[in-house]
Each structure stands twice: as structure tokens, then as C-alpha cells.
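Please open the structure in your viewer and keep the selection tool at hand.

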Amino acid sequence: MDIDSYLRAVPKVELHCHFEGTVRASTFADLAAEHGVALPTADVAKLYDYDTIYEFLKIFAMVSSTIVERDDFARCAYESLEDGVKLGNLRYREMFFNPTLHTRRGVPMARSSTDSSTGSGPPRPITACGAGSSPTSTARTRPPRPARWSKTSSPTAATS
Ligand SMILES: [Zn+2]
């Protein structure tokens, strides 16, 4: 068995997977056409070509912009799990999404979570994550300064 086959066969646990980052290129193209989102190329095989993390984050945001309807969330989440199992022997995943990437476009928060009456929507649990909520700006923002601890001060007494 070669190393690539071995690594694919090793059982996987993913503890923080953003499902928008796992959308199939063909699904991205389908959803973009359905929702009128202009793509940078008509060549599906090149949709995920990028050289820097900033280019990746732009594509990530563009993918997110094509996930609009409840069925879009369900399709992307289902295919993500299907691909993880088929391609990488995925056994367990904690799946996340960035609510603000969707809600600031006007997608209701409820649409991105499972409707228990119909069973539609992405499978639970998909957990909201605030990281990367503004991928092109926060990626370059310095993290907040940590509070200073000492024997005589509390964290709220930190100096700036
Ligand atoms: Zn996250």
C-alpha cells in the first residue's frame, strides 16, 4: 500500500470542520448558477485554485454566499459527510459553520439549522463558530491582548 492510500485508509476524527470549506466544486457551481452568483471561472476543476490563505478565504466566502436555501445547507452538509467517509475513512466529525457569513446576507438563522418537523436542513449537530466571520478583514486583525495576571490583581484590572 502506498502512503497516499494508507493515509486515506486511516480512520479519521475531525474536531472542528467548517462544512462550507468542504463543499464539492460541482455543488458550488450548481448553487452559484441557481442563486445567480458569478464565479471567477467556468472551469469547475479550477474553482478551488488558490495560492494564499487570503485567496482561500475569498473562495470560502464565495462558497458560503451560494448556500441560501434550507436544502442547500442540507445538500452541502450531507455531501460533506459522504465525501469524508468515502475519501478519507471519516468516523467522527464535529461540524461547524459561520452564522454571520449567512445571516449578514439575509439568510435567517433558522434556515441553517434542522427543521425537526420536516427533517430538512443540515444534520445536527452543526455548531456555530465565530472564527472567520469576516474572513477578509479579521484574518489580518491582531487578536485581543490577553489580561495580565499577578498575585495582586484580577484579570479585569489588566493594564492596556
Ligand atoms: Zn471555527
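Helices (H or I, at least four residues) and strands (E, at least two) are DSSP runs, numbered from the N terminus. This is a predicted model, in which local features need pLDDT of at least 70 and side-chain atom pairs count only at pLDDT 80 or more, while totals for chains, interfaces and linings use all residues. Residues are numbered from 1 along each chain as its sequence is written.

**The whole chain.** Followed from the N terminus, the elements come in the order α-β-α-α-α-β-α-β-α. A residue is called buried if 20 or more other C-beta atoms lie within 10 Å of its own, exposed if 12 or fewer, and partly exposed in between, with C-beta atoms placed from the backbone. By this rule, 19% of the 160 residues of the protein chain are buried.

**The loop between α2 and α3.** Select L47, which is located in this loop. L47 counts as buried because 21 other C-beta atoms lie within 10 Å. Two residues are in contact if their C-beta atoms, placed from the backbone, lie within 7 Å. With neighbours within four places in sequence left aside, L47 is in contact with A25, F28, A29, L39 and T41. Now select A29 as well: the C-alpha atoms of L47 and A29 are 8.4 Å apart, although 18 residues separate the two along the chain.

**The nonpolar core.** Move on to F28, whose contacts beyond four places in sequence are V23, L47, V63 and T66. Which residues have the most contacts inside the largest nonpolar core? They are F19, F28, C76 and A77, in a core of 14 residues. Two or more residues of this core come from each of α2 (25-35), α3 (53-65), α4 (70-88) and β2 (90-97). A nonpolar core here is a set of buried Ala, Val, Leu, Ile, Met, Phe, Trp, Tyr and Cys residues joined through C-beta atoms within 7 Å.

**Helix α3.** Select the buried residues of α3, namely F60, V63 and S64. They lie on the same side of α3, because they cover an arc of only 100 degrees around the axis, taken from the directions from the helix axis to the C-beta atoms.

**The loop between α4 and β2.** Finish at N89, found in this loop. Phi of N89 is near 55 degrees, a positive value in a residue other than glycine. Is N89 buried, partly exposed or exposed? N89 is partly exposed, since 13 other C-beta atoms lie within 10 Å.
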